[in-house]
Amino acid sequence: DRTATGARGAELGKQQLRPGDPRSLVNCSNLTFLDLSRNGFVGDIPTTIGEFRQIQSLSLHGNNFTGGIASSGILKIPNIMHLDLSYNRFSGNLPLELTRVPTLNFLILTGNSFSGSIPPDFGNLTGLQALD
């Protein structure tokens, strides 16, 4: 199915999108991969992105996000397996909410300004294959 509703992936990197632009894709029931990297997004991750309930892989690397990891809803996406938040402007301690996503296999956080040690709760992510 090559219609928008049948699409399995949306690679929208380097498109200079606005935070609300991805909303038109939310109802794509087969969408399992969403790449919104290098779009120049700033501030918190928009809650629109957390509305993609069917995706398994989300790439938000290379933007200028500073917050919203928990409040955006991306950690409540039921089958999220691959989450790339690298090269943004996140700082402070690693959000413990990340440890409550049992489906995560790959979590990429490099290139941010997180501080402190990796909380022991990350050991509860038994399916995690890569943490960078």
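Predicted model: local features only at pLDDT ≥ 70, side-chain atom pairs only at ≥ 80, totals over all residues.
Phe-41 and Phe-65 make up a stacked pair, with 5.6 Å from centre to centre and 25° between the planes. This pair links distant parts of the chain, 24 residues apart: Phe-41 sits in the loop between strand E2 (33-35) and strand E3 (42-44), and Phe-65 belongs to strand E5 (residues 64-67). Phe-41 counts as buried because its relative accessibility is 2%, under the 20% limit. Phe-65 is buried too, at 1% relative accessibility.

Phe-90 and Phe-114 are also stacked, because their ring centres are 6.1 Å apart and their planes stand at 10°. Phe-90 is in the loop between E6 and E7, while Phe-114 is in strand E9 (residues 113-114), so the pair ties together parts 24 residues apart in sequence. Phe-90 is buried, at 1% relative accessibility, whereas Phe-114 is partly exposed, with a relative accessible area of 22%.

| Aromatic pair | Centre to centre | Angle between planes |
|---|---|---|
| Phe-41 and Phe-65 | 5.6 Å | 25° |
| Phe-90 and Phe-114 | 6.1 Å | 10° |

The loop between strand E6 (82-84) and strand E7 (91-92) also holds Ser-86. Ser-86 is buried, with a relative accessible area of 4%. The side chain of Ser-86 makes a polar contact of 2.6 Å with the side chain of Asp-84. Beyond its neighbours within four places in sequence, Ser-86 is in contact with several residues, among them Leu-60, His-61, Gly-62 and Ile-108. The C-alpha atoms of Ser-86 and Leu-107 are separated by 9.0 Å, and these residues are 21 residues apart along the chain.

Methods. Residues numbered from 1 in each chain as written. Heavy atoms only, no water. Helix = DSSP H or I, 4+ residues; strand = E, 2+ residues; numbered from the N terminus. Buried < 20%, exposed > 50% of the residue type's maximum accessible area, 1.4 Å probe, protein only. Polar contact = N/O pair within 3.5 Å; in protein donor to acceptor, adjacent residues only side chain to side chain. Contact = heavy atoms within 4.5 Å. Phe/Tyr/Trp six-rings, centres within 6.5 Å; stacked < 30°, edge-to-face > 60°.
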